[in-house]
Every structure is written in structure tokens, then in C-alpha cells.
Amino acid sequence: MIRALTAFATRSPWKVIALWAVLGIALALLGQALVFRATQASTGEFLPDSYDSAAALKVAEEHFGVKPDANPLTVLVARTDGAPLTAADERRIDAQAQKLTRQRIVMPQPKDTPPFLVQDRSQLPRVSPAMTAPDRSFRLLSVELTGNPMDPGMQDLYRAFRDRTRAEFAAADLRTGFTAGLADTVDTADADETRSKIVGGAMLAVIVLLHVLVFRSVLAALLPLVAVSIIGGAAAGVVVGTALLTGIELDASTPQLISVVLVGIGIDYFLFLLFRFREQLRRHPEQSGRAAAYEVAGRVGTAITCAALTIVAAFSTLAVATFGQFRVLGPAIAVSVLVMLLGSLTLMPAILAVTGRRMFWPSRALKREPRAGVAARTGGLVARRPLTLVLASVALLGALAAGLAGMRVDYGQSGSGGERTASAATAAEIARALPAGVSDPAGVFVTASDGGTLTAERLGGLSRALASVGGVGQVAPPVLSPDRLAARIDVFPTADSHGQEARDLVSGPVRDAVAAHRPKGTEAHVGGTAAIFSDIASAVDKDLKVVFPVAAALIALILFLLLRSLLAPVVLMLSVGLGFAATLGASTLVFQHAAGRPGVDFSLPLVLFLFVVALGTDYNILITDRIREEMDRPGPARAAVARAVRHTAPAIATAGLVLALSFGSLAASPGSATQQIGFATGLGILLSAFLLSIVLVPALAAVLGRFLWWPVRPRPGAGGPAPAGGGHRAPERVMTG
């Protein structure tokens, strides 16, 4: 299958390039236009129905008309002269709120998207008075707009509503402020727009410069980016299309994460091809570029396939998670990696076949063998001092892993990471006069299960019990549904709803009070942001206990099948496990202890485990397979390790730098969760490439010698690797040169 694909790609390269160009660009455009129809911004929707906050969401949808994509936000209205509001001011504010409810907000038409691909979000906003501050310094309005908050069209709709609201209240000598929900999202996006462009441009520039330095060629620097962009766009389109066809909703962060993953691994795969292609042209100057591309693609195709399937297998284990955000993330990345694999076996070989030796112009590297450099000296050091390097590497990784002591997991939403936006300023003004959770209350939803109806008097005992709970600043009067079969009681905590204190409050005392004081013949559930993330904490804890061992066992099985050894997979899994612990420990030191964050983001341990273990294992497979081939030859085992490091280290180092840069660019994001994922994965890839794959694993191989491959040890002088049977022999050839 692999040979058939690569043979067709190199035999008819222009057809393959044209097909990928058309399909890739078309799928990329469709994916970009439809992605927000396939994503779900409400984290609570990913919880299983068995959780209390998920049940509360269903009551809100069924009895109060709350839509899954509803975006509540808060509008602050105050006098421009700073004086306290009068009764007349309050009446004028409430009248203006009613007027806004009757005014349809028209979504501006995007300029860069065809109208037939645009989902029109024009709507009538739901605006209602909420409360007045005790010192009468402002009055709050509750607003609801429906739509995906990550959709640029939805963000434009909010801007139109904000500008109209601001203008109409200004005409009455009243100022406005907007916070929570869409206001936070839009203000953060506006503040981050310039930074994102600068970081993205800088990352691409550094990657191009790195390729220029390695290959001394403009084409070798630019073509990988072009190819990966086309394949990545197609992959994103396939993922979005699959989600829409199956009805599966993706998490809002999934498209960005997929993009970063594909850029990193796609360029890695192209690098594997380029290194081997250059070596082939050096050794066979008489061979045509198309013939060399055919031979290289056939050999390297196995290596790339094994590397991609390792990642696919690792992320597929997320399908067993109960938390929906994880359950859809794994298959989405797996599908996108499979598309990247298809492009690596077809489009990339076709580009090599068309360019031939011109790929490396104007470099003269094809006319001479490279001199021994840093890689050769590193290999020699590993062979001479393996035990010292093992102890030093383990000590360094252990020191970083010590940061895990006292690690806390933060289940709050990623905010602006300290960005001083207009929304944040409005939230701070509200918090000075009202409980911190006033803009995002917890909701107690009560439903009648005895066939009767609910009344305010019947719910009075529950309201009084909730008001007496420590940490509750205020309890709103019950709001009955139109059929009087359900009621909502808003509970305003004194702590920020996104913080641990609020989560502890709703998951403990509030739920205890609800269980003890709900009226007979009713069911009650606690919802809201704090309750949702409290339940997410429980779901994630359960998932981690399942996904970690399943993923580790599956990766170990793949290593056993590829390396045909019992001891080598154990050595590799222990090394990547130590690398994972070191990376998570370092992230804890940086974000929790140094930066003062509440803890590491709840998704970080799982995402980091999968990326560091899966991608780090790929690099380890490449070096160990080359070590095995070298040990098949006559001579001491340590000399074989030195040769393996010399020939393999340059490409592993280059690939690791590219992948680390791709992930590291996320660290510049204002969102705390994205920052942590970018920093941690970038650091983890660097540790995997430079410390584990180039130093620790070869040093362990030098210490253990040929016993590493027990029970089937290499036979010195057996004539090198057997070409038949596939196995995993191609990677070492890829990494030479």
C-alpha cells in the first residue's frame, strides 16, 4: 500500500500536485468557513448527563428556553457625572433596555467570505434589568445573544450591539460598560490580534531560517511550508466536514490545536524525506531526481507511517474518556494526522520528483559528504561516558520533576491572562460594589416530580437555606417557568465564579443545602460556571486514571511490535515517562509557583502526556532503530552507539526545533490554558529530542550493550538490517546525512 502510493506520486507528480492543490485549497476554504458550525463553546455541554450541572443545563433548556449556544453578558449603566442613580434614572435605564430588546441587531457581512458560506447571526437580543448596586453607583442589565462566541461573525454582531447600546445610553447622559461572555472574548481577541500576527510571522520566519541554515537552499526552506499548509488545510476541512456529517461538536480550541500539531509533524515528515533525499543524491550522482524520489519515498514511507500511526494510536485512546471535550479531541487529531500521513506519502514525494536536485540549489552539499561535527562529538562522548551521562540526565529530569510536589489542577476558564481590557475593567468596577460572582451566578434548578406545580412559597425554605450558606453573598427570588413545573434560583457567591473558592462552595455547602432543603416531590440540580467546572474536575480525574494506562499500554505494544524486543520498549517508556514528569514539573514551577497561577490547567496533564509520549517516542524509535542496525555490524556496542548518534542527531535536532517552535508559539497567547500548553509541549519536545533521544537513550544503550534487544539480540557481522518484512528499518536511513 505504501509503495503503491509513493510509486504513483513519483510516477505522475504533476497530477498529484494538481489534485492536492485543488482539493486542499477547496477543503481549507470550506473548513475555515464552516468550522464555527462544528464547534461548541459551552464546556458544560461536554459533560455526561449523569453529572449534576449537566442535568441543570437540560432543565434550563427545556423549561426556560436557554439555548446551548446562549452567550450571557452583563452591561453596566451609570451616570456620566458619577452621581448616584435616581429613581428616574432607573426607570429611564429599564425603558431603554426594553427598547433594545425590540431592536434587531444585524450581523455585518464579512468581506472575505462568500455570502452562501456565512451563517447569519442577526437576532433580537434578550435584555432585562438585573440589579442596582447598593451605593446606587450603577445598574446592571442582563443580556443574552445566541451563537458561537468564537465565530468572527458573532463577534461582529456583538460589536454592533455594543456600539448601538453605548450610543443610545450616551444620548441620555449615561455611560456603559460590558463584561462577561462575549465581551471578554471580543476584548481579548482585539487586544491579541496584533500580537498573534507578530508571533505567527516570527515563528514562520524562524522555521524558514532554520531550514536555510540546514539545507542552504531557498526551495528546501519554503516548499515544506507550502506543502504542509495545503495538507493541513485539507485536514482541517476533513475534520470539520466529518464533525458536521456525524453531528459531533468539536471544542472551540480544537481547530487551533490541530493547526499547530499539523504544522509541526508535517514539517518533521518533510524533513525526514529531505535528509534521506539529499543522502540518496549524494551517493548516486548519476540517478535522476524522479528515480531518487521514488526510492526514498518507498523507504521513508514506512518510517513516516509508523511515526504517524503512533500518534494516531495515542490520541485514539481519548475516545474512551467520559468528558466529551477529550473524547472529540482525540479522534479529531487522529483524523487530521491520517490526512497529513496521506499527504506525506503522495504530495511530498511528488514535489521531490518534480524539483530533483533543484530542491537544494544553490547549495553544493550534494557534491561532498558532510564533515564530522557536533553530532559526531556527541556520539563519541556518549560512547566514552555513558554511565555519567545517564546519571546526569536522570538528575536533571528528576530535579524538574520535583516541581510536581504541591501541584494543583485548575479547572477555571482561561481568561485573558492578566490582559487589561475594557471588559476586565468593567468587571473590577462591579466587584467593588457587589459580590464577585454577580455577573456569573450559580443557578439552582428545581423541577416538580410529583405532578404538582411550584410556587414562590413552596420554594421559600430552600431560598432561606441557600442565603444562610457561608460564602453566598445574595440569593435572587425564585423565577418560575411558564408552566410552573420548574424554577430557577440564582445564587451569587462572594468569590469569583472562575476560582477554586466558588467551585468548592457550589460542590459542597450549596449542593448540601439543596439536598437537605429542597421541597418534597421535587428534584433539584445546581448549575452555572462554578458547578460545571467542579463536575469537570470529577470527570477528568476519572478519565486520567483510564486514559493514561491505556495509552501507555498501546504505545508499549507498538514499540514491542516495531522493535521486536521486550527490554527496549521498557527502556523507552521509562525514559519518556521521566520526560513527561520533568516537563509537567517544570510547567508547575513556572506557572503555579513562579507566576502565581491557581494551578496548571486541567487539560495540560493529558494533552502533555499524549504529545510528549507519542512524539517523544517517535524520536526514540528513530535513534534506537539506528542503534540496532549499527549493532548488527561487527565491532563494540559503544562504537555502534556513537555511529548511530552521529548519523541520526542532526535530523532529530532539526525536527525537534521545528516542532517545539510550532507549539511554543502558543505560549504567546493571552489565554492561560493555551500559554501552558504551548510552553509545556514546546519544552517537552525539546527534552525529548535533545536530552532523551540524543543523550539518555543512546547512553542507556551503550551501558546495556546488545542486551538491550533481549531476547532477540543483534548478531555482530550478520550483514546489517534485513530489508524484507517492513519492520521499522527505514527510519535510520531517513536520519542520516
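**Entry 1: helices α14 and α15**

I looked up which residues of α14 meet α15, and found Leu462, Ala465 and Leu466. On the α15 side they meet Val510, Ala513, Val514 and His517. Sorted by class, the contact of α14 with α15 has 6 nonpolar residues, 1 polar residue and no charged ones. I note here that the model is predicted.

Next I checked how the two helices are placed. Helix α14 covers residues 460–467 and helix α15 covers residues 500–517. Their axes come within 9 Å and cross at roughly 155°. Angles over 145 degrees count as roughly antiparallel, so α14 is roughly antiparallel to α15. I also recorded that α14 passes α15 in a right-handed crossing.

I stayed with α15 and looked up Arg511. Arg511 forms a salt bridge with Asp535, and the closest N and O atoms are 3.0 Å apart. The pair links distant parts of the chain: Arg511 is in helix α15, while Asp535 is in helix α16 (residues 529–563), 24 residues apart. I wrote down the general point that side chains of opposite charge can pair when their charged atoms come close. For the structure as a whole, I have 18 salt bridges.

**Entry 2: helices α12 and α17**

I then turned to another helix pair, α12 (residues 386–401) and α17 (residues 567–594). How do their axes cross? They come within 6 Å and cross at roughly 45°. That makes α12 oblique to α17. The crossing, with α12 passing α17, is left-handed.

I listed the residues that make the contact. From α12 they are Val394, Leu397, Leu400 and Ala401. From α17 they are Leu578, Gly579, Ala581, Ala582, Gly585, Ala586 and Leu589.

**Entry 4**

I looked up the order of the strands in the open sheet. Its 4 strands run in the order β3-β4-β2-β5, with antiparallel pairing. Which strands lie at the edges? They are β3 (126–132) and β5 (174–179), and each pairs on one side only. From one strand to the next, the twist averages 30°. As a reminder to myself, strands of a sheet pair through backbone hydrogen bonds.

I followed two of the pairings. Strand β2 (residues 70–79) is joined to strand β4 (residues 139–146) by 8 bridges, and the two run antiparallel. Here Leu76 has Leu140 in β4 as its bridge partner. Between β3 and β4, also antiparallel, I have 6 bridges. Arg126 stands opposite Glu144 in β4.

I also checked what lies across the sheet strands. Helix α13 (residues 422–431) lies across β2, β4 and β5, and runs at about 105° to β5.

**Entry 3: backbone exceptions**

Most residues other than glycine have a negative phi, and most peptide bonds are trans. I looked up residues that depart from this pattern.

- The hairpin of β3 and β4 has 6 residues between the strands, and in it Arg136 takes a positive phi near 60°.
- Arg216 has a phi near 55°, which is positive although the residue is not glycine. I found Arg216 in the loop between α6 (182–215) and α7 (218–246).
- Trp361 and Pro362 are joined by a cis peptide bond, with omega about 5°. Pro362 is in the loop between α10 (324–355) and α11 (374–384).

Technical notes: Residues numbered from 1 in each chain as written. Predicted model: local features only at pLDDT ≥ 70, side-chain atom pairs only at ≥ 80, totals over all residues. Heavy atoms only, no water. Axes fitted to C-alpha atoms, helices over the stretch in contact; angles between N-to-C directions. Parallel < 35°, antiparallel > 145°, perpendicular 65-115°, else oblique. Left-handed = near helix turned anticlockwise from the far one by under 90°. Contact = heavy atoms within 4.5 Å. Nonpolar A, V, L, I, M, F, W, Y, C, P; charged D, E, K, R; others polar. Pairing = 2+ DSSP bridges. Salt bridge = Lys/Arg side-chain N within 4 Å of Asp/Glu carboxyl O.
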